[in-house]
Amino acid sequence: MQVEIRKLDGDEMEFVLSDASPAVANSIRRAALRDVPIMAIDEVEFKANDSAMYDEIIAHRLAMVPITTPAKGYVLPSECGCREGRCEKCSAELELKAEGPGMVYSGSLNPSDEEVRPVNSSIPIVRLENGQRLELVAIARLGLGREHAKWQPGIVAYKYMPVLEFDPKLCNACGDCVKACPKDILEIVEKKVRVKDLTRCTMCKACAEACSSKAVKVSGDPTKFIFKVESTGSLPPDQIILKAVESLQARFEEFPKLVKKL
Ligand SMILES: [Zn+2]
């Protein structure tokens with residue numbers, strides 16, 4: 001198996017996985033969405049809430065705010081010895097104190113650990129009218145995407161590497177396929193069709209349909225995949241994939257042990 005990183009920029013990453021199978025590619029995608037622990041607000045203690053919104057709605061909104069996850073230092077509450085999910089190994093507090101009038105943003109959350117803070121400070125939470133107060137302590141914990149979408153570290157998707165074949169015996173370089181391609185990735189060079197950027201092909205087959213001499217064949221390579229990762233900002237996108245593979249490895253190591261017990 002080989003991995004070639006094509007783009008790694010902020011919260012976005014694109015890489016090509018080759019010499020693999022659809023099962024491997026899908027396992028990586030599913031593990032990234034379900035089994036990578038990240039921080040999210042999991043419990044809120046309200047001290048004052050004069051706003052028009054119920055406590056539950058504000059708590060739900062806070063849970064949707066992406067929170068940064070430190071590389072080390074925290075464990076899942078289920079793996080922590082404290083059992084209550086309130087010790088400093090498995091939880092971090094973010095305090096919020098606001099008074100109206102005005103909009104309360106995610107930036108008002110004051111973290112107890114600087115490494116566990118909102119990814120973005122401009123996410124609106126609730127509007128307060130003149131004299132209204134909002135005071136609360138939010139508790140962030142590690143969790144998994146399989147439990148709740150608030151612990152999903154981002155979006156991971158892949159497609160097969162496109163394969164475009166132009167039969168030289170049938171192709172007369174008429175250029176109909178070049179005009180038909182919605183992604184504009186084809187061109188005619190020296191009476192032959194040339195693909196400018198294969199990875200941008202969506203396999204829509206517009207080129208094959210436009211070709212009156214049936215010289216174009218579009219297919220996907222089931223051993224090569226183009227992955228796109230978009231992080232919520234909680235973890236860097238390369239870390240999402242690395243941790244997904246680690247979780248798969250751990251499960252594959254556990255599997256033979258469980259089989260032996262049978
Ligand atoms: Zn604990």
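Predicted model: local features only at pLDDT ≥ 70, side-chain atom pairs only at ≥ 80, totals over all residues.
I started at Pro101, which sits in the loop between strand E4 (92-99) and strand E5 (102-105). Helices (H or I, at least four residues) and strands (E, at least two) are DSSP runs, numbered from the N terminus. The peptide bond from Gly100 to Pro101 turned out to be cis, with omega near 5°.

Residues are numbered from 1 along each chain as its sequence is written, and side-chain values use heavy atoms, with hydrogens and water left out.

Next I looked up the zinc ion. Which residues hold it as protein donors? I found Cys80, Cys82, Cys87 and Cys90, each through SG, at 2.2 to 2.3 Å. Donors are N, O and S atoms within 2.8 Å of the metal (3.2 Å for Na, K and Ca); water is not among the atoms, so sites may look incomplete. Along the chain the donors are spaced C-x1-C-x4-C-x2-C. The site is tetrahedral, with angles of 98 to 113° among the four donor atoms; for four donors, that label needs all angles between 85 and 135 degrees.

Are these cysteines buried or exposed? I checked three of them. Cys90 is buried at 0% relative accessibility, Cys80 is buried at 10%, and Cys82 is partly exposed at 24%. Buried means under 20% relative accessible area, exposed over 50%, partly exposed in between (1.4 Å probe, protein chains only).

I then searched the whole structure for disulfides (pairs of cysteine sulfur atoms within 2.5 Å) and got zero. Cys174 is in none, as its nearest cysteine sulfur, that of Cys211, is 6.0 Å away. Cys174 is partly exposed, at 42%.

Back to loops. Ala173 has a positive phi of about 55° without being a glycine, and it lies in the loop between strand E9 (154-166) and helix H3 (176-180). I noted both because most residues other than glycine have a negative phi.

Last stop: strands E10 (residues 186-189) and E11 (residues 192-195) run antiparallel, joined by four bridges. Two strands pair if DSSP finds at least two bridges between them. Val189 has Lys192 as its bridge partner in E11.

Note on methods: Tetrahedral: all angles 85-135°; square planar, octahedral: opposite > 155°, others 65-115°.
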